[in-house]
Amino acid sequence: MRMRKKVMGFLVIGVIAYIGLGFMEGSGSVAVNYISTGTTIDTINSLPPVELVKTDMHLTSAPGLRCVSAITVDNNTNQVLYEKRSEVRRPIASITKLLAAVVLAEMDFDLNQKVMISRWDSRASAGSRLKIGEKFFAKDLFYAALIASDNQAIKALARTSGVAYPEFIRRMNQTARKLGMDSTSVIDPSGIFNHNISSARDCVKLLNYALKFPIIKSALSTRLYEFRSLNHKRLIRVGNTNRMLKSKWNVCGGKTGYISASGYCLVNRMQDDHGADITTVVLGAPSNSYRFSETGKLARWAFENLDKKLADGGE
């Protein structure tokens, strides 16, 4: 009887994953960052997994954080400058969308494709600006998914990717393994479920790899995006949920994530004017504002240490 209940539990999880219930993270009003991109995805050659190593630098005292887990990596050396429970597996919410975006990019997905929002895409997707029956270019849905964390958009792209939905999820997990993300497993492309799990260390590998694709980097660094439905001609504006784009540093790209089980999550890759290049991950922050303030603390501390190293003649 116990085994039967366990099997039924897995079946229920599978059915829920297939239904793909979801909601979109809220976004604020931000300034326009006009961008122009092509309509085909640039594919890149597969790379060996990046190995993160402990830093040999002498660092000042790190800031205290209230998030559950975090990590800061110097991308010029792949050295870990800071970590707090960085290998703990936990839900990552909409950061999962980065993995779905990578799968689409590696499939050379046609961004000119016209995609209609279906009832399946829209189930329980509170906050989405998209409506059932509206048609959009795949490119616009791609941007909406990464900028505004729109669950309908990423579900529609997965559904029309050219492979069956279960195969798309399999490819997401296969890509995670290829990148050396050993703590990661997912069951849907949006991140709405508690079973989309990763670690802070794995999120570093995911973001850095995702940013190698120009279309993903462009979307993640765009503050405001405008597009129209093809059949209703309705203008839609979506703002980026990542407030770090308004910081003093050069943000190459980042992604927010939130469900109740994950807490407030944020990944970012940032550079300063002195050539320092870092990736920060904050998972399980207690509030929306804390994920940004704690990312800011990590960035400020890391850049101060790296810039001092450069000033002292280090490499």
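Student: How many helices and strands does the chain have?

Tutor: The secondary structure of this predicted chain comprises nine helices and 12 strands.

Student: What share of the residues is buried?

Tutor: A residue counts as buried when its relative accessible area is under 20%. Of the 315 residues in the chain, 55% are buried. The chain exposes about 13900 Å², and carbon and sulfur atoms supply 51% of that area.

Student: Which residues have the most contacts inside the largest nonpolar core?

Tutor: In soluble globular proteins, nonpolar side chains tend to be buried together. Here the largest nonpolar core has 66 residues, and Ile95, Leu141, Phe142, Phe168 and Ile216 have the most contacts inside it. Beyond its neighbours within four places in sequence, Phe168 touches Ala100, Val103, Leu104, Met107, Ala158, Ser161, Val163 and Pro189. A second, separate core of 23 residues includes Met57, Cys67, Trp249 and Leu298.

Student: Where do helices α2 and α7 meet?

Tutor: Helix α2 covers residues 96–106 and helix α7 covers residues 200–210. On the α2 side the contact involves Leu98, Leu99, Val102 and Glu106, and on the α7 side Leu206, Leu207, Tyr209 and Ala210. Seven of these residues are nonpolar, none is polar and one is charged.

Student: At what angle do the axes of α2 and α7 cross, and is the crossing left-handed or right-handed?

Tutor: The two axes come within 10 Å and cross at roughly 40°; the crossing is left-handed.

Student: What share of the contacts joins residues 24 or more positions apart?

Tutor: Among contacts with a separation of 6 or more, such pairs account for 70%.

Conventions: Residues are numbered from 1 along each chain as its sequence is written. This is a predicted model: local features need pLDDT of at least 70, side-chain atom pairs count only at pLDDT 80 or more; totals for chains, interfaces and linings use all residues. Side-chain values use heavy atoms; hydrogens and water are left out. Axes are lines fitted to C-alpha atoms, for helices over the stretch in contact, and angles run from 0 to 180 degrees between N-to-C directions. Helices (H or I, at least four residues) and strands (E, at least two) are DSSP runs, numbered from the N terminus. A crossing is left-handed if the near helix is turned anticlockwise from the far one by less than a right angle, and right-handed if clockwise. Contact means heavy atoms within 4.5 Å. Ala, Val, Leu, Ile, Met, Phe, Trp, Tyr, Cys and Pro count as nonpolar, Asp, Glu, Lys and Arg as charged, and the others, Gly among them, as polar. Buried means under 20% relative accessible area, exposed over 50%, partly exposed in between (1.4 Å probe, protein chains only). Accessible areas come from the Shrake-Rupley method with a 1.4 Å probe; for residues, only the protein chains shown count as cover. A nonpolar core is a set of buried Ala, Val, Leu, Ile, Met, Phe, Trp, Tyr and Cys residues joined through side-chain atoms within 4.5 Å.
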